[in-house]
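Grab a pencil and have the viewer ready. Try each exercise on your own before you read its solution.

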Amino acid sequence: LLPYLIHVFGGSGNGKTVLLMLAASVWADPSLGEYVTTFNGTRYAQETRAGFLNTLPMCLDELQIQTSQGVKDFDDIIYQLCEGVSKTQGKASGGLRKQTRWRNVILSNGEHTIIKPLSGGGARNRVVEIEAPDKIYPDLVGLCDKITHNYGHAGKEFVEWLMEPGNMERVRIMQRDYYNRLTQHGVTEKQAGSASAILTADA
């Protein structure tokens, strides 16, 4: 599947960052500045990070950093991260830089949506947006303390389970079944790809 973006948006203080940290804690140290980074980076830096993570989720905090820097349309960011391959660039010494590739999900948050009224269909098809109007968890400080001291275990168990004989094939069959059911109900291929991956992982 091509990469896709899951964006959680809502008011300040309702736990969006802690939710992102919780997702990151499945794989690595969820502390801000470690595995979780912000949108405050160049296109080249974001592509390099996505390529390094490769198939691990990329976690980006605080979309409004881009807004404060004058960005009003996020379609370019969506296309860039969801394309799965870095931009072709020349080297100062001549020739081309090596292109990086990735096949992951990008998890992000912000105070507003990443999809705008004038966003193209291609951008819309690559994003799953979730509104968080209320506080996500009653004890955000306690949860944050727990996950910054206990992390990386669930991802290891998940991968070990996938490696057991027959399980990866079971997952492929399940994902294809979800995908076929979704496309039969008028969902676009890209949306069906993202949704079927999420439904399969949840199952």
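Predicted model: local features only at pLDDT ≥ 70, side-chain atom pairs only at ≥ 80, totals over all residues.

Residues are numbered from 1 along each chain as its sequence is written, and side-chain values use heavy atoms, with hydrogens and water left out.

**Exercise 1. Work out the strand order of the open sheet, and say which strands sit at its edges.**

Step 1: Helices (H or I, at least four residues) and strands (E, at least two) are DSSP runs, numbered from the N terminus. Two strands pair if DSSP finds at least two bridges between them.

Step 2: Reading across the five strands, you get β2-β3-β4-β1-β5, with parallel pairing.

Step 3: β2 (37–38) and β5 (127–131) each pair on one side only, which makes them the edge strands.

Step 4: Now zoom in on β1 and β5, which are parallel and joined by five bridges. Within this stretch, His7 has Glu129 of β5 as its bridge partner.

Step 5: Helix α9 (residues 189–202) packs on the sheet, where it touches β1 and β5 (contact means heavy atoms within 4.5 Å). The direction of α9 makes about 75° with that of β1; axes are lines fitted to C-alpha atoms, for helices over the stretch in contact, and angles run from 0 to 180 degrees between N-to-C directions.

**Exercise 2. Find the largest nonpolar core and the elements that build it.**

Step 1: A nonpolar core is a set of buried Ala, Val, Leu, Ile, Met, Phe, Trp, Tyr and Cys residues joined through side-chain atoms within 4.5 Å. Buried means under 20% relative accessible area, exposed over 50%, and partly exposed in between (1.4 Å probe, protein chains only).

Step 2: The largest one counts 28 residues, and Met58, Cys59, Ile78 and Ile114 have the most contacts inside it.

Step 3: At least two residues each come from β1 (4–9), α1 (16–24), α2 (43–53), β3 (58–61), α4 (75–83) and β4 (105–110). The top contributor is α4, with four residues.

Step 4: Another core lies apart from this one; its five residues include Val18, Met21, Leu143 and Ile147.

**Exercise 3. List what Gln175 touches, and decide: is it buried or exposed?**

Step 1: Gln175 belongs to helix α8 (residues 167–184).

Step 2: Gln175 counts as buried because its relative accessibility is 17%.

Step 3: Skip residues up to four places away in sequence, and Gln175 touches Leu1, Ser196, Ala197 and Thr200.

Step 4: With Ser196 there is a side-chain polar contact of 2.9 Å. A polar contact is a pair of N or O atoms within 3.5 Å; within protein, one must be able to donate a hydrogen and the other to accept it, and residues adjacent in sequence count only if both atoms are side-chain atoms.

**Exercise 4. How many disulfides are there?**

Step 1: You need a pair of cysteine sulfur atoms within 2.5 Å.

Step 2: Searching the whole structure turns up zero. For Cys82, the nearest cysteine sulfur is that of Cys59, 14 Å away.

Step 3: Cys82 is buried, at 1% relative accessibility, while Cys144 is partly exposed, at 22%.

**Exercise 5. Locate Asn54 and Glu62, and check their phi angles.**

Step 1: Asn54 is in the loop between α2 and β3, and its phi is near 65°, a positive value in a non-glycine residue.

Step 2: Glu62 sits in the loop between β3 and α3 (64–68); its phi is also positive, about 65°, although it is not a glycine.

Step 3: Asn54 is partly exposed at 36%, and Glu62 is partly exposed at 25%.
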